[in-house]
Amino acid sequence: MNFGRILTAMVTPFNQQGEFCVESTKKLVRYLIENGSDALVVGGTTGESPTLSTEEKLVLFKTVVDEAGGQVPVIAGTGSNNTKASIELTKQAEEIGVNGIMLVAPYYNKPSQEGLYQHFKVIADATKLPVMLYNIPGRSAVTLSVETTLRLAEVPNIVSTKEASGDLDAIAEIIEHAPEGFSVYSGDDSLTLPILAIGGTGVVSVASHIVGGQMQQMVKNYLAGQVQAAAMQHRQLLPVMNTLFMAPNPTAVKAALELNGVQTGSVRLPLIPLTAEQKQELVRIIKPTMNFFVS
C-alpha cells in the first residue's frame, strides 16, 4: 500500500458547543487535499481520539471517506489499549471503507514485547486492511522495540510504521532489516528530512495542516537530489514545526488553522486553548508561512 510521502494527522473539527462538526470536517478534508496532503490519518492523537466516543469516530471516518472520494487514502486510528475493542472498531472502519488503519502501541497497561506483538498481530489478522503501527513511547509508556517491529513486519498486512520515538539509530535498523515494501514514516515533523535521509518514506505530519505545500516541495527537492535546497527548506520550516507544539497537541495547530480561515473549533478538555501570549507568538511565527484558505 502506497500511502504517499506527506500524510496529515488530521485534527477533528468541533463546533462552538464542542460537538463534532460534519460540515467543518468536509471543508478541512478539501483544504488538506488541495494543500499537500497525500493521505489523511483520522482519529489519532492529533484528532483528540481519547475524547471521541466510538460513535463519533465512526461518523468521522465516514465523513472523511465520503468527502475524500478516493482522491487520497484515509487511514483510521483504531488502536487502543483494549485489544478486543480495537478489533471491533477496526472491523467497523473497514465496513465504512477506510483504506488502512493505524494502531497505536497500547498505553497505560504497559504490556511486554510479546504482549505488544500478540496485540498487533491479532488485530491485523482480523482485517484485510493494510496496517500502520504507531510507536510513541512518550505517550504510551512502552516502546515498540526494533525486534518486535521487524517481527510484526512479517505479518502480511502490517505494511508500515509511524515512528515517534525520535531514535534515529533504531529507525535506521528497522529500515535496514524490514521486508521490501515496508514503509517507515516519521512521527515527528522536525525529523522528516533526517528520516528521509536514512531511507524512510515520509512523515505523518501535524505541520502539513499549515505548510503542507512547502513540505511537499522539500521532499521533492530531496528526492530529486537537490539536497542543499531541501536542507534549507527544512531549516526554514523548523520554527513553524516547533511552534505548533508550544502547547499539548492539537491546541496550537487548531489555533493556526483558525488564523488561516479554516474553522475547526477549540480543543476538548482536558486540553485547554492557547493563552493570549501563546497566540501572539503563534501569529508571529506562523503568519508569514501560511497559504490562505479559499472556501
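1. Along the principal axes, its C-alpha atoms fill a box of roughly 45 × 45 × 35 Å.

2. The model is predicted: local features need pLDDT of at least 70 and side-chain atom pairs pLDDT 80 or more, whereas totals for chains, interfaces and linings use all residues. Residues are numbered from 1 along each chain as its sequence is written, and side-chain values use heavy atoms, without hydrogens and water.

3. Twelve helices and eight strands make up the secondary structure of the chain; these are DSSP runs numbered from the N terminus (helices H or I, at least four residues; strands E, at least two). Of the 295 residues, 55% are buried (under 20% relative accessible area, 1.4 Å probe, protein chains only).

4. Among contacts (heavy atoms within 4.5 Å) between residues at least 6 apart in sequence, 72% join residues at least 24 apart.

5. Helices α1 (residues 22-34) and α2 (residues 54-68) pack at about 45°, their axes 9 Å apart; axes are lines fitted to C-alpha atoms over the stretch in contact, with angles from 0 to 180 degrees between N-to-C directions.

6. Val22, Thr25, Lys26, Val29, Arg30 and Ile33 of α1 meet Val59, Leu60, Thr63, Val64, Glu67 and Ala68 of α2.

Technical notes:
Buried means under 20% relative accessible area, exposed over 50%, partly exposed in between (1.4 Å probe, protein chains only).
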